[in-house]
Amino acid sequence: DIDVRKLKHFPRSRLSRKKSKRIVDTKSRAHLRMRNVHRIYHPDKERLRCSLDITHGHGLRESDLKYDIPCVDCIASNEQSPQRKHFNPTINSFESRLLPGEGWSFDGGDCGVPALNGCRYPIVFVDVRSKKKVTYYCKSNKAVEFKQAVEYLIFHAKQFTGNDVKYLYSDMFSTYRQFRGEDSIAAFRKQYGIQLRNPPPYAHHLNGEAEKAIQSAKRGTRTRLRAMIGKVINGKRVIDPSIYWCYAWEHYCQCDGALANMTLMNRWSSVCTSDQMYRGLTNQPQQLVHHPFGETCFTHLEKDQRNGTLSETRAVTLYLMNGQLNPLANPFVHCPAADIVMFLRDGSIRSRGKVIYPYLSSDVIGDGPEIRDVTPDTFPTPEEEKCPDQDDPDDSDPPEETHSPPHNPHVPTPPKVVIGSEDKEDSRPSLPFVDEDPDEIESEQPRTRTTRSRKNNFAENPPAPQQAPTRFQAYRRPRAGDHIAKINDDRSWSTWPYNSTSIYHVVRGA
C-alpha cells in the first residue's frame with residue numbers, strides 16, 4: 001500500500017498542495033474541452049447537455065458544463081433587434097402522419113454577396129418530421145436552378161430514408177409556382193408526383209420552420225466567418241470573409257444536425273438529433289466528426305503532388321466542413337470519414353482523408369498554431385531602430401553611483417565582464433576567477449592526509465579571509481575550471497570533486 005494519505009508522519013501541507021494543483025489542472029482541462037466543443041458547434045448549455053447522452057466523440061464530461069466559455073464570435077454575431085417568433089406548439093395531423101423525407105417546408109434567402117463559387121441565394125429545406133435541414137445554393141432566382149434543387153432533394157431523401165418526396169410547403173413565390181411550358185416546375189412536380197402547398201400572403205407564421213431555419217443559419221454563418229479573418233490564402237490576406245459564406249452555411253447545417261434537436265424534444269418528448277430521426281437510427285448514439293470552421297490543419301500530399309523528394313510531405317490547409325453528402329463538394333458521395341479542406345498555397349478546395357489537427361494535441365486553450373506569412377515588412381527598418389552612436393550625448397542620463405564593498409587585500413580584484421562582446425564565453429555574466437598555475441595545483445597536498453598534517457598545514461598556510469558570498473554566488477552552479485573547495489568543521493581545506501552532491505562553496509583564487 002503506497003497511499004501516502006494513510007501515513008501519519010507525512011506532512012499534510014504537501015497533500016494540500018498536490019490537491020490544489022490537481023484541482024487547477026482539472027479546471028484547465030475542463031475549460032479546454034468546453035472551448036474546443038464550443039468553437040465547433042457554438043451551442044447553448046441546455047442543448048449541449050441533452051447531446052451528451054446521444055452522441056460520442058466530443059470528449060466532454062457532464063461536470064464540464066458548469067464552466068461558462070465567453071465566445072467573442074457569438075457576442076459579435078448575435079442580433080440585438082427582436083426576432084419574429086414562428087414556433088407553433090401544436091402538432092397538426094399533416095405532420096404526424098408523414099414519414100421522414102416525405103414532406104418538406106422550404107424558403108429562399110438572399111445573402112447579398114456572391115460566394116467563391118458564384119452562388120448567392122440559398123434555398124433551405126426543412127423536413128417536417130425530423131427537422132433535418134438541407135440547403136441548396138443557387139446563383140440566380142431562375143426556375144431552372146430551383147428544379148436542380150428539387151432534384152438534389154429527391155436524391156438526398158432517397159439516399160438516407162428510402163422514401164420519396166410527396167409534399168412541398170412554401171410561400172407564393174413566382175419561381176416555385178411556374179406552370180407554363182413543358183419543362184416548367186409544375187410539369188416537373190407532376191412527373192415525380194409532388195404536391196405543392198402554399199400559405200396565404202403575409203402569413204409567415206404558417207411557414208415558420210423555414211423562416212426560422214434561415215435566421216439561425218445566417219446567425220451561425222456570421223459566427224463562423226470570423227475565423228477566416230486574417231488568413232493568408234493564395235498569397236492574399238483575408239479581410240472580408242463574406243465570399244466563403246456558403247461553406248460556413250453548410251458547416252452550420254452539418255453541426256445543427258449532429259446535436260440534439262429541441263423541437264423534437266418539446267413535441268415528441270424524444271431526445272435525439274435530427275440526423276438520427278431522419279435516418280431512423282435513434283437506437284444508437286451518433287459520432288461527432290466535425291472540427292472548427294477555418295481551423296488550421298495539415299493534409300498529406302501524395303508523391304505526384306510534391307515538387308521533389310526534399311519538398312514538404314504535408315500542406316497547410318483550412319478546415320471547411322465534413323465530407324458528408326453536400327451540394328458544394330460531394331453532391332453524389334456520402335463520406336463522413338473525409339474532410340473538405342482549402343489549401344493555403346493556391347486556394348483550391350479538395351476532399352481529404354488524412355488530415356492532422358494540431359488543436360487536438362495542444363494543451364493551450366484556443367486555436368492551434370497560427371501560420372503567419374513572414375515578409376520583410378514585418379521586420380523593423382533601419383530608420384525605426386536608432387543606433388547607439390546617433391544618441392545625443394547631452395540627453396544621456398548621468399551614471400548612477402554604485403557603492404562597492406570594502407576592498408580586501410587577500411582577494412584579487414575581479415576583471416570586468418562585458419556583456420554583448422564578440423567572445424560568447426566571456427559575454428555571459430559569470431563570476432570571474434583568477435587563472436591558477438598548473439605547478440601549484442600539482443604541488444597541493446593529497447586528499448588522504450592525517451589530522452596532524454592538516455593541522456600543521458593550516459598553521460603554516462592559513463587560508464585567506466573570504467568575502468561573504470553574494471546572492472549570485474550562492475546560487476551559481478560550478479563550471480569546469482572553477483576551484484571547488486569544501487569547508488570542514490576543523491577549518492581545513494581539501495579539494496572536492498566536481499560532481500559531488502555535498503554542500504560546496506565557490507572560492508575565488510587558490
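## Stop one: a buried glutamate and its partner

Select Glu 102: its relative accessibility is 8%, so it counts as buried (buried means under 20% relative accessible area, exposed over 50%, and partly exposed in between, using a 1.4 Å probe and protein chains only). Before moving on, know that this is a predicted model, where local features need pLDDT of at least 70, side-chain atom pairs count only at pLDDT 80 or more, and totals for chains, interfaces and linings use all residues. Residues are numbered from 1 along each chain as its sequence is written, and side-chain values use heavy atoms, with hydrogens and water left out.

Helices (H or I, at least four residues) and strands (E, at least two) are DSSP runs, numbered from the N terminus. Lys 166 is partly exposed, at 39% relative accessible area.

How many salt bridges does the structure hold? There are 14. Pick Arg 33 and Asp 64, whose side chains meet in one of 2.7 Å, N to O. Arg 33 is in helix 1 (residues 12–41) and Asp 64 in the loop between strand 1 (55–56) and helix 3 (72–77), so this pair ties together parts 31 residues apart in sequence. Are these two buried or exposed? Both Arg 33 and Asp 64 are buried.

Next, select Lys 132 and Asp 275, joined by a salt bridge of 2.7 Å, N to O. Lys 132 is buried at 8% relative accessible area, and Asp 275 is buried at 3%. Then try Arg 47, Lys 133 and Asp 256, which are linked in a network of salt bridges.

## Stop three: two helices

Show helix 5 (residues 143–160) and helix 6 (residues 185–192), which pack at about 15° with their axes 10 Å apart. Axes here are lines fitted to C-alpha atoms, for helices over the stretch in contact, and angles run from 0 to 180 degrees between N-to-C directions. Helix 5 and helix 6 are therefore roughly parallel to each other (angles under 35 degrees count as roughly parallel, over 145 as roughly antiparallel, 65 to 115 as roughly perpendicular and the rest as oblique).

Technical notes: Salt bridge = Lys/Arg side-chain N within 4 Å of Asp/Glu carboxyl O.
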